[in-house]
Amino acid sequence: MRIIRADNYEEMSKKAADIVKSQVILKPDCVLGLATGDTPLGMYSELINMYENKEVDFSDVTIFNLDEYCKLNRENAQSYFYYMNHNFFKYINVKKKNTHIPNGNAKDIDEECRDYERQIKNKGGIDLQVLGIGANGHIGFNEPAINFEAETHLVKLDEMTIEANSRFFNSIAEVPTSAISMGIKTIMQSRMLILLANGEAKVDAIFKTAKGKINPKVPASIIQLHPNATIIVEKYAAKLL
Ligand code: F6R
């Protein structure tokens, strides 16, 4: 596992965007796996700038997002569908039909999960997966004590995650308690992983991910076994490394 250190959030975001840009230049019809949350917002801004400066073209790129809340309208500003459209997709030339986010309102959630996996496989798998990390070590919504063999599946959100994500909602009672998430197996099958982390809240999770024992209690620790994984970490989150 490689560790790239950055002095600040902007540098972390720029380095991550440079890697995504290189992937798209190397393989214009590549498949990207993307994340939501605060961490990758700077990377999306950088990529939008690069697109506007004609440094990168997303017209043949396919995107699969990691996760989506259940029972939240897609038009709700807290849905990941809304987040991706408003923070990234609407500013670049990715084709709508090539963007994929699990449907947390599907009638048959299990079938939705199986279909998501099928769609990823039909596209030849994910070339580059971008990850954030929860303070509890989750990646996607794979919460502590996850089964490492899981593919895309329905998850019950951890109390710590509900608490962390309540900052985006009017009250904690509004935070969805379940979600659809790519599983660890899906994530590990990506040909390349980059995990971004910034801020003191991630110190412990990053230390355990990079230096701790591989342990389902710290889901991100599994990426130690990935042949092409890179952590891009800003100095506050890297304090214990
Ligand atoms: C989001 C996701 C989550 C976040 C994680 C960190 O799609 O999969 O694992 O990456 O919760 O969130 P932030 O970046 O808001 O600290």
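Student: How many salt bridges does a search of the whole structure find?

Tutor: The search finds 15 salt bridges, where a salt bridge is a side-chain nitrogen of Lys or Arg within 4 Å of a carboxyl oxygen of Asp or Glu. Please keep in mind that this is a predicted model, in which local features need pLDDT of at least 70 and side-chain atom pairs count only at pLDDT 80 or more, while totals for chains, interfaces and linings use all residues. Residues are numbered from 1 along each chain as its sequence is written, and side-chain values use heavy atoms, with hydrogens and water left out.

Student: What makes Lys14 and Asp18 a salt bridge?

Tutor: Their side chains meet at 3.1 Å, N to O, and the definition asks for within 4 Å, so the pair qualifies. Lys14 and Asp18 are four residues apart in helix α1, and therefore about one helical turn separates them. In general, an α-helix has 3.6 residues a turn, so residues three or four places apart point the same way.

Student: Why is Lys14 called partly exposed?

Tutor: Buried means under 20% relative accessible area, exposed means over 50%, and partly exposed lies in between (1.4 Å probe, protein chains only). Lys14 has 37% relative accessibility, so it counts as partly exposed, and Asp18, at 28%, counts as partly exposed too.

Student: How do you know that Asp60 forms a salt bridge with Lys95?

Tutor: The closest N and O atoms of Asp60 and Lys95 are 3.8 Å apart, and the limit is within 4 Å, so the pair is counted. This pair links distant parts of the chain, for Asp60 is in the loop between α2 and β3 (62-65) and Lys95 is in the loop between α3 and β5 (99-100), 35 residues apart. Asp60 is partly exposed, with a relative accessible area of 41%, and Lys95 counts as partly exposed at 34%.

Student: What separates Lys208 and Asp204 along helix α7?

Tutor: They are four residues apart in helix α7 (residues 203-211), which means a separation of about one helical turn. Lys208 forms a salt bridge with Asp204, the closest N and O atoms being 2.9 Å apart.

Student: How does the length of α2 compare with what its 12 residues should span?

Tutor: Helices are DSSP runs of H or I with at least four residues, strands are runs of E with at least two, and both are numbered from the N terminus. The expected span is 1.5 Å times one less than the number of residues, so the 12 residues of α2 should span 16 Å, and its end C-alpha atoms are 17 Å apart, which agrees. Among the buried residues of α2 are Gly42, Met43 and Tyr44.

Student: Which residues make the contact between α2 and α3?

Tutor: Helix α2 (residues 41-52) and helix α3 (residues 80-87) pack at an angle of about 35°. The contact, meaning heavy atoms within 4.5 Å, is made by Leu41, Tyr44 and Ile48 of α2 and Tyr83, Met84 and Asn87 of α3.

Student: Why is Cys113 in no disulfide?

Tutor: A disulfide is a pair of cysteine sulfur atoms within 2.5 Å, whereas the nearest cysteine sulfur to that of Cys113, belonging to Cys70, is 7.8 Å away; the distance is beyond the cut-off, so no disulfide is assigned. A search of the whole structure finds zero disulfides. Cys113 has a relative accessible area of 5%, so it is buried.

Conventions
Axes are lines fitted to C-alpha atoms, for helices over the stretch in contact, and angles run from 0 to 180 degrees between N-to-C directions.
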